[in-house]
Amino acid sequence: MAGIEEAEEMLELSNGRITAKIATWGATITSLLVPDAHGNLADVVLGFDTLEPYMQGISPYFGCIVGRVANRIKDGKFTLNGVEYSLAINNGPNSLHGGLKGFDKVVWDVVEHKGGECPSITLQYHSKDGEEGYPGDVVVRATYSLPDSTTLRLDMEATAENKATPINLAQHTYWNLAGHNSGDTLDHSIQIWGKHITPVDENTIPTGEIMPVKDTPFDFTTEHKIGSRINNVPGGYDHNYVLDCGDEKNGLKHAAKLKDPSNSRTLDLWSDAPGMQFYTANYVDGITGKGGAVYGKHSGVCLETQGFPNAINQPNFPSVVVQPGEKYKHSMLFEFSA
């Protein structure tokens, strides 16, 4: 359905088992109904009932796609092909998630909305040369699909049209597998297939070091409750894991397994990205969301598969630069079970 006029709207994606609502604003997952072992449905993502709060900037990146570059860029500066670029500073001294008006704060066009066996929605956004300080035109596409009964898939791609540019997209859903309105997630257990993190300085910028998690509160190579050691991490978890030890399936690595003990609802995340930001909603503080639910600290868990933070300024990190005519690709699979 190409050529649909630009308008903020919510679209539904359903296969009878799971139902997602996707907004054209920020290509945002606003709702995701998933069954537990008894078939009881719960909405497992934090968000709002209407688009207004997202558009008014009240949302702390609930459910959206962030870009052109996810995560933090030190001092909002980088040099590429001899040119220094300056970005908006919107997170302490850094630029975060694409700047003041990143991909989460624009309307994406609906290019396809399919029903049938594998329902899907494809959204597209054209980011212009100089937007938020970034070089070159970029056309980005995101396809949400339901390839089987309890799996949501996201395929993102972006083409650098005319200049080399950093591209690093992430999906920023806050998960609460007990239901979005059920309090904090400190009882959720998580396993992360990463033996290393990229430790950060006082401004949450990676130091460039790759640090083993063994014998630290960051070690989730075996399953642990999120709350069991969170108090040993000042501020809570907001760290990039190096995805370096998961099984592969169809070219995607096992990144994380999140589980809620109250109903055994489980999310297995698979991705082809090199890293994953594990963030425990440390800065969420009394936001009124869907159905009047009040979201407090640690009320959700973000599992943002991504290129490493500040990679554009860290030569030893995997490059996030895409050359003109080249395509960035990033896929993830959210598999639910109970």
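Two strands count as paired here if DSSP finds at least two bridges between them. Keep that in mind as we walk through this predicted model.

Let's start with strand S25, which covers residues 275-279. On one side, S25 pairs with strand S21 (residues 238-242) in the antiparallel sense, over five bridges. To find your place in this pairing, look for His239, which stands opposite Phe278 in S25. S25 also pairs with strand S28, residues 301-306, again in the antiparallel sense and over five bridges. Here a handy landmark is Gly275, with Gln306 of S28 standing opposite.

Now turn to the faces of S25. Is this strand covered or exposed? Mostly covered: five of its five residues are buried, with buried meaning under 20% relative accessible area. Both faces take part in this, as Gly275, Gln277 and Tyr279 are buried on one side, and Met276 and Phe278 are buried on the other.

As background, strands of a sheet pair through backbone hydrogen bonds, either parallel or antiparallel. Four strands make up an open sheet in the order S1-S2-S3-S4, and their pairing is antiparallel. From one strand to the next, the twist averages 15 degrees.

Strand S3 (residues 28-35) runs antiparallel to S4, and three bridges join them. Val34 has Ala42 in S4 as its bridge partner.

Note on methods:
Residues are numbered from 1 along each chain as its sequence is written. This is a predicted model: local features need pLDDT of at least 70, side-chain atom pairs count only at pLDDT 80 or more; totals for chains, interfaces and linings use all residues. Side-chain values use heavy atoms; hydrogens and water are left out. Buried means under 20% relative accessible area, exposed over 50%, partly exposed in between (1.4 Å probe, protein chains only). Helices (H or I, at least four residues) and strands (E, at least two) are DSSP runs, numbered from the N terminus. Axes are lines fitted to C-alpha atoms, for helices over the stretch in contact, and angles run from 0 to 180 degrees between N-to-C directions.
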